[in-house]
Amino acid sequence: MTSHPLAARFEADIAAATDLAALDAVRVAALGKSGEVTQLLKSLGAMDAETRSAEAPKIHALREAIANGLAEKKDELESAELERRLATERVDLSLPVSETPMGSIHPVSQVMDELAEIFADLGFAVAEGPEIEDDWHNFTALNIPETHPARAMHDTFYVDGEHERPMVLRTHTSPVQIRAMQGSTPPLRIIAPGRVYRSDSDATHTPMFHQIEGLVIDRNITMGHLKWTLETFLKAFFERDDVVLRMRPSYFPFTEPSAEVDVGWSMEKGRRVVGGSEGWMEVLGSGMVHPRVIANCGLDPDEWQGFAFGTGVDRLAMLKYGMDDLRAFFDGDLRWMKHYGFRFLDVPTLSGGVGA
Amino acid sequence: MKFSLSWLKDHLDTPADALAIADALTRIGIEVEDVHNPAEALKPFRVAKVLTAERHPQADKLQVLSVDVGHGTPLQVVCGAPNARAGLVGVFGGAGTYVPGSDFTLKKAAIRGVESNGMMCSSRELQLGDDHEGIIELSADAPVGTSFADYAGLDDPVFDVAITPNRQDCMGVRGIARDLAAAGVGTLKALDVPTIEGSFDNPVEIRIEDAEGCPAFFGRVVRGLTNRTSPDWMQRRLKAAGQRPISALVDITNYVMLDLGRPSHSYDLKELTGAVSARRAIEGETVIALNEKEYKLDPSMTVIADERQVHDIGGIMGGEHSGVSDTTTETLLEVAYFTPERIARTGQKLQLTSDARSRFERGVDPAFLDDGLAVLTGLILDICGGEASRVSRAGQPPVEARRVTFDPARTLSLGGIDVPEREQISILQSLGFQFEGRDAVVPSWRRDVDGPADLVEEVTRIVGYDSIPSTPLPRREGVARPTATRSQMIERRARRAAAARGLDEAVTWSFISEGEAGLFGGAAHMLANPISEEMKYMRPSLIPGLVAAARRNVDRGAASVRLCEVGRRYLTDAERPTVGIVLVGEKQPRSWQSGKARLFDAFDAKADVLALLEAAGAPVANLQLVTGAGETWHPGRSGTLGLGPKTILAAFGELHPRVAKALDAPTGTIVAEIYLDAIPVPRSVERARPAFKPPALQAVTRDFAFMVPVGLAADALTRAVRSADKQLITEARIFDRYESEAGLSLALEVTLQPGDKSFTEAEIVEVSKKIVAAAEKLGAALRG
């Protein structure tokens, strides 16, 4: 079948179109309501059957060829148009984005969360008590009578004014032991982290710092359990299996027997780290709760016994995370907080680890 | 406490060296802080003899010595000491030796052209004294070539130990020796107590008028003595113990205290008048003590006084007036027993510490008065000469022995170590315990032992804590249970939500100054003995501490400060958990996108407060805002969020300009406080949520713009609109606010939720009318 005589003209017109408007003009001229091809199609109706069967295929082929040509050309023009537009649409993505401020968690809070997590696994709940404490809970109940030399060693802050019992800022977290024993029936396993106060201020002491106290009261608790608990806790906290403990006999009025606990250290990259045993440093005070303390809390020391321990939270943080100045903990220096602080998502968990 | 190895060996027969002894001490509970051998640094120095001394050819003040160092040919040494001469035996250090007192290392050198092979040393060069006038001169028979440190008895390691407050008995070298012997480090030697009857009656009457404070006072006089300097051996030991030798009488009392834990006092007899008695001080009485300070006494204190005046703050410090001096020829010796509690109270009251006090308040051995006095007298007679009187004894020390029931099974059931009964008994016996049936009789010097747990400690510490087996705590079945309380979870969530929003968590002091506290309603608690005026009052608010921290950061150049703290406020009734927030400076730095920097305003604090409350589980949707958070705050740019007037959950906004100025708050400081304990406990703890039933039809929104009275709170309008039809209106949100001369315009977007059928136009018109009516009640008018 030979092509329709109009085909070549319209092909040329389509090829000559340089934009979509020109192309549409070609479409109207050919396929529009009164376009030449439309007219041809309309003329088919007036033809006799024989002529029509001869002409119809030609005219339909012409219409189709032109429609195809138009579509192809339209694609081509649109692509060219898009390319042109894209060539102008450019942003400098190397420009800085606006920053979301990153907050931080204070190392003391982070370490307290870590400790709560570790001790939760051992069945210890977190207990709390007042920081403004009466001297009975802070001293007397803990077997530290008024004339005891240990009282003078505590550098106590006294609260001014008339009180039923003299009030002090608690010098340790041990009064929480007393409150825990008074407030519930054994068996008991608690830790008590919090602020404590001593009227002491120099390069390595601040008048306020943080301690954590541990207490287990049950029927058959021995120093063996104390040793295991401290070993287990320190290994978990420092995330090392080579943590070595040394227990030394010592004295605390509220424990008998009493033990000071040293942890082995070694030098790594010029820094003293916990683990190994190149030397020892003191980290904990501990012992079996004094029978008199148990009795002071209204429990029968012949039935109940257990252990207690205490250590500095700030110090644990320093040993684990490498700060060397305690005073900076309480200065609120943003630079320090950004350097030593933790991200909000660093939530210590047993499955994800208790270090960050 | 410090003592030397040779001193210890006076009481302990042991082959152990210093290191082994130090290890053992720490193991049994006497913590060794330091072991130091002064001879270490002097090892290379030898006894040497100057054979010849010739004038240096080039220098008048120098000599050229030929020195016999004990081996090989004599060495040539150039020396500038004026006392260098042929025949002198001294101390030589050869080339390569470090000289501790001068901090340099000797080298073979030519001095003014003459070779010198070392140095003859002065006392100062060896850190043995201050003498640098000449070189050390030893006695002519000193063995040439031997170690100088050995010859001079300097090879004697010094231990520095920490004695815990319960172990008064170890505040004397003998007590330490006893503990070591019990630990198997050696054998305790018998104590040599001289028998001194005395040749005349004590001329001084000794009386006790305060038997409660001083139950026993023994004394005697030594006359015809010479208070010279104490002998070398005693001085060496006192120096090792860190004491300065003074005179024989003073040194002897100090020595007996350090050696046997027995404090005593020696009075110059010629300064005493009449009878000497232990009595209560009289109100207002004063005494100048040996530290040259005057102390004001009161009747709670026990003193030793004669008929004229107080001579001794009993058991704590002697008086200057009757202290012994070089001219003392007659002395009254006092060996007394003071009641520990009395000593402690008096010492605390006078703020006076002394070696005697630290021993008496811990309780000295009440059975060691006579022996102590005999040892003391013996030393005085040996060193100072003279003759002693017979002993006067007033009162009786409390020597009644304490008994403690001994149950060998407790060592296992409390200490965790299985020690055979026979071994336990032997340990206790070596510590001085005796056994009567099931009772252990506590030795008189162990005031600290009064119960079975003490016996367990004695046995376990001597066996060694290393032997305690590590025993796992019994574990409850299943996985670990949650332990945190609700309030602990609230704090944790608020803290981490704050950090997520860009706040840095600070920890600031619990105490602030009076001025700071006053700005926040005043403190409920004041410290009686603060570190400083700045740290005197327990904070009633977290804001002053945080503002001060913000100020420090701004002064360091910080452009944007977002601080928070989770801590307590200390109020009259309770310590209340609180979050404090301080925002200063730029919320957003200037940028190519948003242009100029944006500074914080009260809305930023509101956003933080709402986010933290939400995280902490507060019913945020029900919170009501009240403008003006109180006197501390800017009246129009602050507010509280609460659930009714009695339950305020937070306050936020700008500080009152006067408060901001008084706190030296940086310009534009925005603050907030969240009262965590005011958050109500949620009613439901159900884990499962209600079934999910999304509405079948899409919600439609309509906008309404109102002209409103200028004072109308946007929140009031929103609430009014929302409650116009609680069924259909699910949300109403202000999206535009415009203030002009014509008044204030607020525009809301209202969300309407159809039920199972779409809204008809009539229904929407109906609800719109309700909305407009509700707004009109507040004085609003729909804008045309």
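Predicted model: local features only at pLDDT ≥ 70, side-chain atom pairs only at ≥ 80, totals over all residues.
Which residues are buried in H15(B)? Residues are numbered from 1 along each chain as its sequence is written, and chains are lettered from A and ligands numbered from 1 in the order in which they are written.

**Chain A as a whole**

Select chain A, whose secondary structure comes to 12 helices and 10 strands; helices (H or I, at least four residues) and strands (E, at least two) are DSSP runs, numbered from the N terminus. The radius of gyration of chain A is 43 Å, well over the 21 Å that the globule rule gives for 356 residues, so chain A is more spread out than a compact globule. Here the radius is taken over C-alpha atoms, and the globule rule is 2.2 Å times the number of residues to the power 0.38. Along the principal axes, the C-alpha atoms of chain A fill a box of roughly 130 × 50 × 45 Å.

Glu256(A) counts as buried because it has 27 C-beta neighbours inside 10 Å. A residue is buried if 20 or more other C-beta atoms lie within 10 Å of its own, exposed if 12 or fewer, and partly exposed in between, with C-beta atoms placed from the backbone. Leaving aside neighbours within four places in sequence, Glu256(A) is in contact with residues of both chains, including His290(A), Asp454(B) and Glu457(B), where contact means that the C-beta atoms, placed from the backbone, lie within 7 Å. The peptide bond from Glu256(A) to Pro257(A) is cis, with omega near -5 degrees.

**Two loops of chain A**

Most residues other than glycine have a negative phi, and most peptide bonds are trans. Move on to Lys269(A), in the loop between S7 and strand S8 (271-274) of chain A, where phi is positive, at about 50 degrees, although the residue is not a glycine. Lys269(A) is exposed, because 5 other C-beta atoms lie within 10 Å. Then select Pro187(A), in the loop between helix H8 (175-183) and strand S4 (188-197) of chain A; a cis peptide bond joins Pro186(A) and Pro187(A), with omega about 0 degrees.

**Where the chains meet**

Show both chains together: the contact takes 75 residues from chain B and 65 residues from chain A. On the side of chain B that touches chain A, H13(B) gives the most, with seven residues.

**Back to H15(B)**

Finally, select helix H15 (543-555) of chain B, one of the elements that supply at least two residues to that side. The buried residues of H15(B) are Ile543(B), Pro544(B), Gly545(B), Leu546(B), Val547(B), Ala548(B), Ala549(B), Ala550(B) and Asn553(B). What covers them includes helix H12 (334-340) of chain A, together with helix H14 (514-519) of chain B, among other elements of chain B. Just after H15(B), end the tour at Gly557(B), which takes a positive phi of about 105 degrees.

Terms used: Contact = placed C-beta atoms within 7 Å.
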